[in-house]
Structure formats: structure tokens, C-alpha cells
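Subject: Structure handover

Hello,

Here is the structure for you to look over. My notes follow below it.

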Amino acid sequence: AELNGEGATREVCYRLDAAALAAAGAAVRQPPDFSPAAALGNGAWTPSPHAPDPADRLTEPLVAAIAWGAQAQFLLMPLMAFSLLAVAFGAKLLPRALRPAAIILAAAVSIYVVANLIVGTQVADRLVYRGGVPASAVVTGSYATSTQYNHHDVVGYDVLFRAANGRLVRTRFEDDDFNVYPFHNATTYPGVGDRFTVRYLPHHPSRFVIVGDDASPWARGLRCSAQVGKVDEASRLHDYAPDDAGLARGLEAAGRNAFAAGC
């Protein structure tokens with residue numbers, strides 16, 4: 001189930017139940033379509049429409065390049081080192097008139113690489129979110145990678161969504177891409193079977209962000225998890241001192257907030 005997704009689990013359960021019913025003499029209908037593509041069409045939830053500005057469409061190649069650079073930021077470090085070494089050891093080989101331009105170019109590359117390490121992901125996510133087209137997506141599977149990030153074994157996830165033109169897009173992300181928007185210090189990613197909203201670049205659909213603050217099932221579950229955590233904390237405080245009016249009001253307020261959030 002972890003490898004094949006929610007649809008595979010439901011299909012196995014259906015077939016087991018169908019076999020038991022058939023053995024008892026019951027008539028069993030044909031099984032429904034449990035494929036990930038069919039899962040995208042199930043349920044009443046659809047993401048809110050968003051029409052990118054014409055200017056966003058014109059700058060899409062630049063945004064795609066920025067998004068690529070944000071994900072490949074550590075691969076760009078050798079580029080900075082090479083440019084600095086080239087200037088340090090090769091400037092004397094250049095004509096005197098070209099040396100200032102070479103130094104400026106090396107400095108620009110270095111500034112870009114350092115800035116990309118610091119804020120590249122946040123800038124790329126904001127640009128893709130602004131210029132992206134929304135779609136309902138589902139995580140269909142996960143896979144191990146050979147990468148470690150902050151002593152964490154990076155996990156990759158396969159994603160399926162239907163583009164605005166009706167084409168099914170199969171892509172993926174890894175849990176060190178930090179492609180959840182809005183940005184948070186502690187990033188939570190969808191798991192296998194989760195349905196959520198992506199905003200993708202129309203001509204570069206592999207460049208997308210995961211929307212974490214809308215009405216998708218995954219985003220709502222994320223908010224409810226935080227609200228339930230606050231209710232649990234307030235409940236433990238109240239249980240410790242049930243005679244404290246302030247703690248009682250805090251528990252009541254936490255419950256109201258959770259209810260208002262639809263949890």
C-alpha cells in the first residue's frame with residue numbers, strides 16, 4: 001500500500017470482500033476504477049480557479065529557470081568556485097580591457113549562488129505560485145533516495161495531476177525541495193494517497209508548488225492537526241488545574257477555534 005498508494009489498498013479490500021460475498025452466493029458488481037487517474041475525479045473538492053497575468057506567461061521561462069536553480073542550489077556551488085578560480089588565475093591571460101568585465105561577472109555569479117542558497121527557494125515558490133495554474137493532485141507512491149539532509153534520509157514522492165488542457169501529468173518531488181507555499185520553517189509534505197492543490201507552470205508542469213493553506217483535504221487536515229494539538233494542550237492544562245478560570249477559558253477558546261476551522 002505504501003508503494004502503490006491509496007487506490008491499491010482500496011482495490012485489495014474490494015477484491016477480498018467481493019470474493020467472500022461471491023463464495024456466499026451473492027451477486028458482485030464489476031469493480032470500480034481504483035487507478036490514480038480515477039482518484040483525481042472522485043469527490044466534490046476542486047481547487048479555486050486562478051488565471052495568471054499575461055505578464056506571468058511571458059516570464060514563465062525565467063521563472064522555470066529560477067525554480068530549477070532553487071532546487072539545484074548545491075550543484076551551483078562548483079560554478080561559483082570555478083568562476084572565482086578562473087578570475088584569480090586567468091585574469092592575467094585576458095586583455096586588460098576585459099579584466100574588469102571578468103571580475104564583475106565572477107562577482108555576479110558568486111552573489112547569485114549565495115543569494116540562491118539563502119532565499120532562492122522562497123523566491124521561486126512565490127513566483128511559481130503567482131504564475132501557476134491550479135490543479136487537484138494526488139501522491140501515488142514514494143521512493144527512497146540516496147540523499148541525506150540534516151541527518152534525514154530524503155524521501156521522494158510520485159505525483160499525478162490533470163492539467164488544464166486535460167493531459168495527465170506525472171511528476172515528483174522530494175522532501176528537501178521545500179516547495180510547500182506559504183513557506184514555513186518546519187515543512188510538512190503530503191503523503192501517499194493525500195489529495196492537495198498544486199500550482200504549476202503551464203509549459204513546465206514539473207515546476208510546481210504545493211498549496212498548504214487552501215480547502216484541499218490535505219491542507220485542511222494539516223490545519224486540523226494543529227488545532228487538535230492546541231485543544232489537547234489546553235485540555236492537559238485544564239486537567240492539571242480544573243479550578244483555574246483562565247485555563248477553562250483557554251480550553252473553551254481552543255475548542256471554538258477548532259470547530260470554526262471545520263475540525
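What volume does the largest pocket have? The largest pocket comes to about 360 Å³. Of its 18 lining residues, Ala-70, Gln-73, Phe-74, Tyr-149 and Asp-176 are the closest to its centre. By class, the lining splits into nine nonpolar, seven polar and two charged residues. (Nonpolar covers Ala, Val, Leu, Ile, Met, Phe, Trp, Tyr, Cys and Pro; charged covers Asp, Glu, Lys and Arg; the others, Gly among them, are polar.) Helix 6 has the largest share of this lining, with five residues. Helix 4, helix 6 and strand 1 (133-149) each give at least two.

First, the ground rules. This is a predicted model, where local features need pLDDT of at least 70 and side-chain atom pairs pLDDT 80 or more, while totals for chains, interfaces and linings use all residues. Residues are numbered from 1 along each chain as its sequence is written, and side-chain values use heavy atoms, with hydrogens and water left out.

Pockets and cavities come from a 1 Å grid over the protein atoms alone. A pocket is an open set of points with protein on both sides within 12 Å along at least five of seven lines. A cavity is a set where a 1.4 Å probe fits but cannot get out. Lining residues have an atom within 4 Å of a point. Points are joined across faces, edges and corners, and a volume is the space filled by probe spheres set on them.

The overall fold

The protein chain has eight helices and six strands. (Both are DSSP runs numbered from the N terminus: helices are H or I with at least four residues, strands are E with at least two.) The order from the N terminus is α-α-α-α-α-α-β-β-β-β-β-β-α-α. Of the 263 residues, 34% are buried. (Buried is under 20% relative accessible area, exposed is over 50%, partly exposed is in between, with a 1.4 Å probe and protein chains only.)

The cavity

The whole structure holds one cavity of 30 Å³ or more. Helix 6 gives the most here, with four residues. Helix 4, helix 6 and strand 6 (204-211) each supply at least two. The classes are six nonpolar, three polar and three charged.

The surface

Phe-74, Val-114, Leu-117, Ile-118, Val-119, Val-123 and Tyr-149 form a nonpolar patch of about 600 Å². (Patch residues have over 30% relative accessible area and no salt bridge; nonpolar side chains are joined within 5 Å, like charges within 9 Å. Areas are Shrake-Rupley with a 1.4 Å probe.) Helix 6 (residues 99-131) supplies the largest share, five residues. Phe-74 sits in the loop between helix 4 (60-71) and helix 5 (77-90). Phe-74 is exposed, at 55% relative accessible area.

Salt bridges

How many salt bridges are there? The count is two. (The rule is a side-chain nitrogen of Lys or Arg within 4 Å of a carboxyl oxygen of Asp or Glu.)

- Asp-158 pairs with Arg-172, with the closest N and O atoms 3.0 Å apart. Asp-158 is in strand 2 and Arg-172 in strand 3, so the pair ties together parts 14 residues apart in sequence. Asp-158 is partly exposed at 22%, and Arg-172 is partly exposed at 48%.
- Arg-256 pairs with Glu-252 at 3.2 Å, N to O. Both lie in helix 8 (residues 245-260), four residues apart, about one turn.

Best regards
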